[in-house]
Amino acid sequence: MRRPRINRRAPRAPIPEEQDDTGRAPRIVALIPAHNEAERIAASIAALYRQERPPHRVVVVADNCTDDTPQIARANGATVIASRANRHKKAGALNQALDSVLHELTATDFVLVQDADTVLRPSFVASAIEAMDRSVGAVGGIFYGEHGGGLLGALQRIEFHRYAREIARRDYRADVLTGTATLFRVRTLRELKAARLDGRIGGGTSYYSLASLTEDDEITKAVRTLGYRTVSPPGCAVVTEVMTSLPKLWHQRLRWQRGALENLRDYGWTKVTAPYIVRQGFMGLSVLFLALYLVFTAWMLTRGRPEFTPFWIAVGLVFVAEKVVTARGAGWKSQLLAGTLAVELAYDMFQHAVYLRSLWDMARRREERWCAT
């Protein structure tokens, strides 16, 4: 699909605010896009009904399902909407579902979009609504990894805990409205669609972009381009699936990284994208520095006289200490794993390989055909 050019100079044109003459409290509709999620959909729905402020309606968007997902969803109290001739995976299914439910809602109502493999903590919805002042367009979740998955699962849980610490350090600003769970204002969603229709934001003519590999990353930039803040307050925790094999993890991370780079390419340098571009640049530098460090270490070992000076020993100890401290939230076993350094170094090298492969594929303009994960 050809990516529409983004007009970055056009001012935001907000849709006129609707009034609710009944004076009722805002309604909350939860959307769960699901493709063959029979094993997990019941737990996701149950967590919504356990919310301190439960949604008024739970809608499972059954996208080309060939298992019992629709039947299980209905049995657990959800409404089921089947996608129609959808070729655009999660984004396409969500666009169809949003078109079918938004006409029932006012601008002050809310739509919660969450993955079918994710369980929300009971405080999620209440915390998200509390964070919704007029400057906030959407509230994203802070995701943690579920138990299991062996060594690979442990490494992902450490990674997710570090990301949660980073969100807290940034005063709970959401750099990505994670697909695991995000609460939108209805007004924001309508503005997004209007901006795409007007050509002020690219990615198609609906709510979610059909031109992006990572629709959650793209919609974050779209919401912020409209002038809204995006946040992830501490009460908005979720537990989500971890990849249990290297091929699955490679597949997932390559899509995430490639999608993030392509979104930045499409938006270009703006006030919104500048911090993201700088961070991608630092990622490139970390790839370079780690490669140099490994080459230098290999060179010393081949000489047969490794020179471990006090300076380099101190640098290594600081690096280990940082790894251990930032893994604290994941438990003592994760801290021990981080302290070994060698395993996490291998995981870092895996992430760097993903980054380099993404750059290579973009340079070759290689088209990706994988399914969303």
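Which residues of helix H1 are buried? Let's start there, and welcome, everyone. What we have is a predicted model, in which local features need pLDDT of at least 70, side-chain atom pairs count only at pLDDT 80 or more, and totals for chains, interfaces and linings use all residues. Residues are numbered from 1 along each chain as its sequence is written, and side-chain values use heavy atoms, with hydrogens and water left out.

Back to H1, residues 41-49: Ile41, Ser44, Ile45, Ala47 and Leu48 are its buried residues. Buried means under 20% relative accessible area, exposed over 50%, and partly exposed in between, with a 1.4 Å probe and protein chains only. Looking down the axis of H1, you find these buried residues within an arc of 155 degrees, so they line one face of the helix. The arc is taken from the directions from the helix axis to the C-beta atoms. Helices (H or I, at least four residues) and strands (E, at least two) are DSSP runs, numbered from the N terminus. Among the elements covering the buried residues of H1 are strand S1 (28-34), strand S2 (57-62) and helix H2 (69-75).

Now for two helix pairs. Helix H6 (residues 186-198) packs against helix H7 (residues 215-225) at an angle of about 90 degrees, their axes 10 Å apart. Axes are lines fitted to C-alpha atoms, for helices over the stretch in contact, and angles run from 0 to 180 degrees between N-to-C directions. H6 is therefore roughly perpendicular to H7. Angles under 35 degrees count as roughly parallel, over 145 as roughly antiparallel, 65 to 115 as roughly perpendicular and the rest as oblique. On the H6 side, Thr188, Leu192 and Arg196 make the contact, and on the H7 side, Glu218, Ile219, Ala222 and Val223. Contact here means heavy atoms within 4.5 Å.

Our other pair is helix H9 (residues 274-303) with helix H12 (residues 342-363), packed at an angle of about 125 degrees with axes 10 Å apart. That angle makes H9 oblique to H12. Residues of H9 including Met283, Val287 and Leu290 meet residues of H12 including Leu345, Met349 and Tyr355.

Most residues other than glycine have a negative phi. Lys89, though not a glycine, has a positive phi of about 55 degrees. Lys89 sits in helix H3 (residues 89-101) and, at 34% relative accessibility, counts as partly exposed. Tyr172 also has a positive phi, near 65 degrees. You'll find Tyr172 in the loop between helix H5 (150-169) and strand S8 (181-185); at 28% relative accessibility, Tyr172 is partly exposed.
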